[in-house]
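Here's a quick briefing for anyone opening this structure for the first time.

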Amino acid sequence: MSTFQAPKGTYDLLPPNSATYLAVREAISAPLKNSGYGYVETPGFENVELFARGVGESTDIVTKEMYAFETKGGDQLALRPEGTASVLRAALEANLHKAGNLPVKLWYSGSYYRYERPQKGRYRHFSQVGAEAIGAEDPALDAELIILADQAYRSLGLRNFRILLNSLGDKECRPVYRAALQEFLRGLDLDEETLRRAEINPLRVLDDKRADVQKQLTGAPSMPDYLCDACTAYHKEVRELLDAAGVVYEDDAKLVRGLDYYTRTTFEFVHDGLGSQSAVGGGGRYDGLSEMIGGPSLPSVGWALGVDRTVLALEAEGVDLELPATTSVFAVPLGEEARRVLFGKVTELRKAGIATDFSYGGKGLKGAMKNANRSGARFTLVAGERDLADGVVQLKDMESGEQGPVALDAVLETLKAKLG
Ligand code: AMP
């Protein structure tokens, strides 16, 4: 193995592509910031217990995919595989839910870790932007989050994504459905592991991707038929609010998702250009999670959108984000005196908010202009001894090729005007 190799299932974000990742994070968080969500940041690891209880002891995430370890001090920790449990833990710890201002609306952005079999769109280290609205049961809140995610994807220029929507019921009707589904699954020709899964978490069998399993599932009891009146009314309201907002979704009675804590509204954003790893984001209501991790009853709803897969979706649709040029002005000094003077100008331009870079390392004009070209700068400033003697620098427009002298003390104003 080469020394210079990122661990399996991981990759580095490097310029220029890394700018796209930043822009995606920005685009996903912008609608949240605009809708009353405050920024939350939690540690990259938590006590393993939080995820075991919160995500679910029987989920793949906890049993197979968690990076769990013991510290030198004997603490059992795990790298976070998802964001919701941590954010809820943080809100409970800080008593945000007691400030009398429910729901507590939070957004986050960060790295998550799952020991998965790597493939395109599935990594061991990936990045999500997420949102949680904690402590309110209100269909408008579920609708709000779906609308904001839709808005985020659209603002990026994505079009070929679909929203899948389902309701998983609540603690009244879900157990009834669960039992009916279990009964049905016991009668199928399934392998041992799947049968075991059917006993622990039958809803997740619906999510099985294998064709022979899916074929047998035709005729399985369907959640919508089992929803209690309260859940039916709640779901109807969510759907009507989405309709009114012009958000298009598809009802998907088999949508369950891989985490145990979801109740009622469940949704997934899938992109049709991504092959098997088509889920770009997902979320739903998790009314029981707070109690599962030892807190009070706090009905909540949230989502997490995957940044890596959103970038892949942009590529699949051929969307090029309009990213602002990283460098607007590139300064090229010819000689010692020019280096001092131009470096001073660079600092002045930067202070004024103009993205400026400098030719370092005492390069000759040819090498320096190559760097200027690569930087993507719209303008270069070149100065040699003769220019300085005349009190000017040469300003070159890299698009038109036009070049002319500008008085040293007029450089800032001139560039400001030209850059708009
Ligand atoms: P989940 O918590 O599994 O619903 O994940 C939410 C979103 O995070 C998914 O829709 C993906 O976009 C992204 N995601 C989850 N796991 C991975 C992974 N292993 N690699 C890349 N993205 C992932």
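**A first look around**

A backbone N or O atom of Ala279 sits 3.1 Å from an oxygen atom of the ligand. Taken alone, the ligand exposes 480 Å², and the protein buries 92% of that. Keep in mind that this is a predicted model.

**Around the ligand**

- How many residues surround the ligand? There are 14 of them, and the closest are Arg114, Glu116, Tyr123, Gln128 and Arg257.
- Gln128 uses its side chain, where an N or O atom is 2.9 Å from an oxygen atom of the ligand.
- Sorted by class, the shell around the ligand is made up of five nonpolar, four polar and five charged residues.

**Strands that build the shell**

- Three strands each supply at least two residues of the shell around the ligand: β6 (125–134), β10 (279–285) and β11 (300–306).
- Which strand gives the largest share of that shell? That's β10, with three residues.

**Helix pairs to find**

- As a bit of background, two packed helices are described by the angle between their axes and the distance between the axes.
- Start with helix α13 (residues 336–351) and helix α16 (residues 411–419), whose axes come within 10 Å and cross at roughly 45°.
- The crossing of α13 and α16 is right-handed.
- Next up are helix α5 (residues 139–155) and helix α10 (residues 229–244): their axes come within 9 Å and cross at roughly 40°. That makes α5 oblique to α10.
- Left-handed or right-handed: how does α5 pass α10? The crossing is right-handed.

**Backbone details**

- For context, most residues other than glycine have a negative phi, and most peptide bonds are trans.
- The peptide bond from Pro15 to Pro16 is cis, with omega near 0°. You'll find Pro16 in the segment before α1 (18–33).
- Leu102 and Pro103 are also joined by a cis peptide bond, with omega at about 0°. Where is Pro103? Look in the loop between α4 (84–93) and β5 (104–113).
- The loop between α4 and β5 also holds Asn95. Phi of Asn95 is near 55°, a positive value in a residue other than glycine.

Note on methods
Residues are numbered from 1 along each chain as its sequence is written. This is a predicted model: local features need pLDDT of at least 70, side-chain atom pairs count only at pLDDT 80 or more; totals for chains, interfaces and linings use all residues. Side-chain values use heavy atoms; hydrogens and water are left out. A residue is near a molecule or strand if one of its heavy atoms lies within 4 Å of it. A polar contact is a pair of N or O atoms within 3.5 Å; within protein, one must be able to donate a hydrogen and the other to accept it, and residues adjacent in sequence count only if both atoms are side-chain atoms. Accessible areas come from the Shrake-Rupley method with a 1.4 Å probe; for residues, only the protein chains shown count as cover. Helices (H or I, at least four residues) and strands (E, at least two) are DSSP runs, numbered from the N terminus. Ala, Val, Leu, Ile, Met, Phe, Trp, Tyr, Cys and Pro count as nonpolar, Asp, Glu, Lys and Arg as charged, and the others, Gly among them, as polar. Axes are lines fitted to C-alpha atoms, for helices over the stretch in contact, and angles run from 0 to 180 degrees between N-to-C directions. A crossing is left-handed if the near helix is turned anticlockwise from the far one by less than a right angle, and right-handed if clockwise. Angles under 35 degrees count as roughly parallel, over 145 as roughly antiparallel, 65 to 115 as roughly perpendicular and the rest as oblique.
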